[in-house]
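Here is a walk through one structure, going from its cores to its helix pairs and then its strands. Have the model open alongside.

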Amino acid sequence: MTASTRSSGYYNRERETASPEGWRSYHDRQIKSLAEQAYKMAPAITDLFDRAGVKPADITSVDDLKLLPATTKTDLARLQAENPPFGGFLTVPVNQLKRIFMSPGPIYDPQGQTNEFWGWAEGFYASGFRPRDVVINTFGYQMTPAGLMFEESLLDIGCCVIPTGVGNSETQVKIMKDMGVTGFVGMASFLRKIGQTAIAEGLDPRKDLALEIGYVAAEILTDALRGEVEEMFGMRLRQGYGTADCGCLAYECSERNGMHFTSNAYIEILDPRTREVMGPGEPGEVVVTLFNSTYPLIRFATGDLSAFTTEACACGRTAPRLTKIMGRVDQVTKVKGMFVHPQQASAVIAKFPQVEKFQIVVTRVNEIDKLTFKLEMAQAPATGDPFYGEIAGAIQEGIKLRPELEIITPGTLTEKSELIVDERVWDQ
Ligand SMILES: [Zn+2]
């Protein structure tokens, strides 16, 4: 199949290329009917509305969502434990579900009767999957929804699916060769392993295998890993973003410049602490309202950090795009509007081997956030030593914030010391 065949067309042209007004009225309609139905049928949603003092009639547009609190994954696990098995979110009797899964948490995930329940087909199509692709699906098929959630959508497009699951890379190579497999679904790191296995067997993946298109999820895809795998197979690799609770939330198109929001949900980026709605380019937590009447999650906070852009995309799809997934909310601290990740800070400090350990302390003085790097060093460099300017410059470049520096004596920090200590006090 030619690259342009894989780049052209839409799964649902009318919806994916809607005008801003078209999107707006579609989202408003979905949210209004979801609020009405969910309030009536899902006890957890009734309770959530009542506690917030909100009536279903108050929710008529996306702007009204801000009246409702967000539900986190921790809340969902707690509600399921208190009110088993689905925490009061399910709107149908359990025996009317199609399948039931269990994800780590533990959290039960229901699959309703609707076709293509998790909505990945739109993303698969945008990334380049087409009818009659023969696809190995290397996600697991037991307990968690991963394998079946992708399979349903591949079948919906008209692909032939080979449910290979995780592992067995030698057998995966054999199947790919025998069946002329053109598509891969799974994790990019596993696809690289399959390629390495093929090479070790004396095969040339570009010539001896027929792989043209891959769709990866469930791990952060670096440019280096994507480039290596695309080169190894001579293929196109695209990624999607979703969760076991929500299904597909965003996906890349042929342009590879961020992940378009799905049309199956309304996605907001909220400040993780204040729940303020963030605009384009402002980082925050991905919060999802699913257009799913079987399991209506309203303002479900995924715990993932991202930002979005509304700039036009050459593919013609008009949905905003997540620029990238930046990590998890519980691992980061927001300082002066910027997220500070432990691993990002560690990467900067690792360039200065004379620093034995470090700790970041965030304080707030006169309404201004202050970021202090405490550096454990055998010997403090003399005042005016270039070290101070170099490390401050590296931190500013790495995490976009200007730090204060404090040298502390070795032994002050222990294995149990937190990497980031937030000492700010917030008015409730
Ligand atoms: Zn696009």
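A nonpolar core here is a set of buried Ala, Val, Leu, Ile, Met, Phe, Trp, Tyr and Cys residues joined through C-beta atoms within 7 Å. A residue is buried if 20 or more other C-beta atoms lie within 10 Å of its own, exposed if 12 or fewer, and partly exposed in between, with C-beta atoms placed from the backbone. One caution before the tour: this is a predicted model, so local features need pLDDT of at least 70 and side-chain atom pairs count only at pLDDT 80 or more, while totals for chains, interfaces and linings use all residues. Residues are numbered from 1 along each chain as its sequence is written.

In soluble globular proteins, nonpolar side chains tend to be buried together. The largest nonpolar core in this model has 83 residues, and I45, F124, F129, L154, L249, V288 and L297 have the most contacts inside it. Helix α7 (residues 146-157) gives this core its largest share, six residues. Helices (H or I, at least four residues) and strands (E, at least two) are DSSP runs, numbered from the N terminus.

What does L154 touch, leaving aside its neighbours within four places in sequence? Its contacts are F124, F129, V135, N137, C159, V161 and V185, where contact means that the C-beta atoms, placed from the backbone, lie within 7 Å. There is also a second, separate core of 17 residues, with V335, A345, L375 and I391 among them.

**Helix pairs**

Two packed helices are described by the angle between their axes and the distance between the axes. Axes are lines fitted to C-alpha atoms, for helices over the stretch in contact, and angles run from 0 to 180 degrees between N-to-C directions. Two pairs are set out here.

| Helices | Axes come within | Crossing angle |
|---|---|---|
| α12 (residues 342-349) and α13 (residues 386-399) | 9 Å | roughly 145° |
| α9 (residues 188-200) and α11 (residues 223-233) | 10 Å | roughly 35° |

A crossing is left-handed if the near helix is turned anticlockwise from the far one by less than a right angle, and right-handed if clockwise. By that rule α12 passes α13 in a right-handed crossing, with Q344, A345, A347 and V348 of α12 meeting A394, I395, G398 and I399 of α13. The residues of that contact are six nonpolar, two polar and no charged. For these classes, Ala, Val, Leu, Ile, Met, Phe, Trp, Tyr, Cys and Pro count as nonpolar, Asp, Glu, Lys and Arg as charged, and the others, Gly among them, as polar.

The crossing of α9 and α11 is left-handed. Its contact has six nonpolar, two polar and three charged residues.

**Strands**

Two strands pair if DSSP finds at least two bridges between them. An open sheet of four strands runs β21-β20-β19-β22, with mixed pairing. The edge strands, each pairing on one side only, are β21 (404-408) and β22 (420-422). From one strand to the next, the twist averages 25°. Strand β19 (residues 357-365) pairs with β22 in the parallel sense over three bridges, and V362 stands opposite D422 in β22.

K374 lies in strand β20 (residues 368-376). Is K374 buried or partly exposed? K374 counts as partly exposed because it has 18 C-beta neighbours inside 10 Å. Beyond four places in sequence, K374 is in contact with F358, Q359, V361, E406 and I408.

Elsewhere, β2 (residues 99-103) and β3 (residues 107-111) run antiparallel, joined by five bridges. Three residues lie between the strands of this hairpin, where G105 takes a positive phi near 155°.

Note on methods: Contact = placed C-beta atoms within 7 Å.
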